[in-house]
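I opened this notebook to record what I looked up in one model. The entries follow the order in which I consulted it.

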Amino acid sequence: MPDTLGIYISIPFCRAKCSYCNFASGVFGGERMSAYVDRLTAEIRETHQRTDFCMVLPRIVDSVYFGGGTPSLLSSEQMQQIVRALQEVFQVDPRAEVALECAPGQLQDDLLRSLPDLGFNRVSLGVQSFLDREAAAVGRLHTRAATLLEIARLRGAGINDINVDLIAGLPHQTEASWRESLDVAISTGVPHLSVYMLDVDEDSRLGREMLAGGTRYGVGLVPREERIAAMYNEACERFTREGIAQYEISNFARVGHQSRHNLKYWTRQPYLGFGLDAHSFLFVPDGTAVRFGNTDNLDRYMAGPAEEVRTAISATAAAEEAWFLGLRLATGVSLVELEKKIGPAAMRAFWPIVAECEQERLLERTATHVRLTNHGRLFANDVFERFLGVVREEDLSHEFMEQGALV
Ligand code: SF4
């Protein structure tokens with residue numbers, strides 16, 4: 001059973017709400033933020049009561065990720081308060097990856113200066129576009145100049161492991177402006193890049209405008225799906241040519257700079273989330289896995305103790321997860337390793353799906369793995385759905401049924 005743990009800390013506060021965002025985050029005053037940090041640190045200190053069903057909580061924390069929201073809005077004292085609570089409860093490996101999400105221009109000097117002492121060694125910048133007009137159209141408050149300055153400030157403070165997030169498909173974006181964003185992102189020399197294709201959620205402002213037919217957020221200026229797909233493909237090709245290898249559908253890194261924390265999600269490693277709408281994945285002593293999450297209602301979260309919906313992962317669900325999480329990775333699913341775990345009959349049950357996806361050029365087989373094709377990455381969710389409900393319990397090996405989740 002894995003003996004290291006990832007920790008996710010949710011800080012759901014933003015300076016302004018982006019038009020495409022449907023996360024449980026919002027704009028709140030300082031008082032609400034300090035009360036939240038108090039509630040969050042109390043929740044961290046309640047860890048053992050909260051996870052007593054688990055009994056095999058890994059001892060050593062090797063990744064901590066502060067996401068949100070915009071966690072860089074916290075003061076250095078508030079950050080210290082959270083880090084102290086984590087250190088009281090967990091054994092944080094001194095070589096742990098400790099990452100902070102940050103909106104360019106929203107990282108105060110005192111927090112920046114204290115980042116290395118607090119253990120931070122990685123920052124993820126929500127840039128989305130290096131074109132000022134595109135960033136402004138979705139409610140981002142930064143400019144290209146502010147972003148470049150932020151990268152320089154971070155490097156000046158000793159943080160070189162920097163990620164830049166980009167979105168393909170923003171209002172006003174064109175092939176030329178997308179190329180410009182890619183050029184600037186590459187020229188910054190950051191070792192990690194993430195590219196997401198805009199998917200307008202009905203619960204975001206942009207989504208509501210799409211349904212109601214307004215013009216305020218520029219939904220009419222969102223490029224068509226085929227153009228967004230072409231932009232994504234271009235990013236994949238450009239980054240690969242630049243030695244920034246794709247290792248997951250949306251993630252690209254220079255050698256040695258992959259996100260250890262995010263890899264835990266795709267390789268079914270245990271992690272524990274704290275804060276609003278934070279999710280966890282742990283193993284229990286019989287080898288099965290459990291997923292649970294906190295409420296996404298801030299008032300309910302503040303009223304604590306943390307409210308959770310716990311779901312035990314069945315052996316068939318664990319086998320399905322092994323497929324669709326493995327397929328997210330550029331290396332794909334190792335056939336020998338998976339067969340060793342789930343057994344030959346279960347592998348046979350999945351073969352018709354693999355063959356069907358191969359025929360449709362969505363999946364391809366190498367000597368050892370099955371992986372998404374470039375075309376398949378554009379329809380990944382459709383591919384993943386096909387792996388659901390295919391395998392039956394009686395197909396799975398005896399060992400897997402006993403120790404189902406440990407794939
Ligand atoms: S900064 Fe991030 S979390 Fe906050 S509104 Fe924008 S996209 Fe959402």
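**Conventions.** I worked on a predicted model, in which local features need pLDDT of at least 70, side-chain atom pairs count only at pLDDT 80 or more, and totals for chains, interfaces and linings use all residues. Residues are numbered from 1 along each chain as its sequence is written, and side-chain values use heavy atoms, with hydrogens and water left out.

**Domains.** I looked up the domain assignment and found domain 1 (4–266) and domain 2 (315–407); such bounds come from an automatic or database assignment. Their centres, taken over C-alpha atoms, are separated by 29 Å. Eleven residues of domain 1 touch eleven residues of domain 2, where contact means heavy atoms within 4.5 Å.

**Helix pair.** I then examined helix H1 (residues 30–45) and helix H3 (residues 76–89), whose axes come within 9 Å and cross at roughly 5°. Helices (H or I, at least four residues) and strands (E, at least two) are DSSP runs, numbered from the N terminus. Axes are lines fitted to C-alpha atoms, for helices over the stretch in contact, and angles run from 0 to 180 degrees between N-to-C directions. H1 and H3 are therefore roughly parallel to each other, the term for angles under 35 degrees. Among the contact residues I noted Met 33, Val 37 and Ile 44 of H1, and Ile 82, Ala 85 and Val 89 of H3. By class, this contact of H1 with H3 holds eight nonpolar, four polar and three charged residues. Ala, Val, Leu, Ile, Met, Phe, Trp, Tyr, Cys and Pro count as nonpolar, Asp, Glu, Lys and Arg as charged, and the others, Gly among them, as polar.

I listed the residues around the ligand (a heavy atom within 4 Å); they include Cys 14, Lys 17, Tyr 20, Gly 68, Gly 69 and Arg 140. The shell divides into six nonpolar, four polar and two charged residues. Gly 68 and Gly 69 are joined by a cis peptide bond with omega of about 15°. Gly 69 lies in the loop between strand E2 (60–68) and H3.

**Sheet.** I traced an open antiparallel sheet of three strands in the order E13-E15-E14; strands pair if DSSP finds at least two bridges between them. Val 333 stands opposite Val 370 in E15. Helix H14 (residues 344–359) lies across E14 and E15, at about 105° to E14.

His 172 sits in the loop between strand E5 (161–168) and helix H7 (175–188).

Definitions and conventions: Angles under 35 degrees count as roughly parallel, over 145 as roughly antiparallel, 65 to 115 as roughly perpendicular and the rest as oblique.
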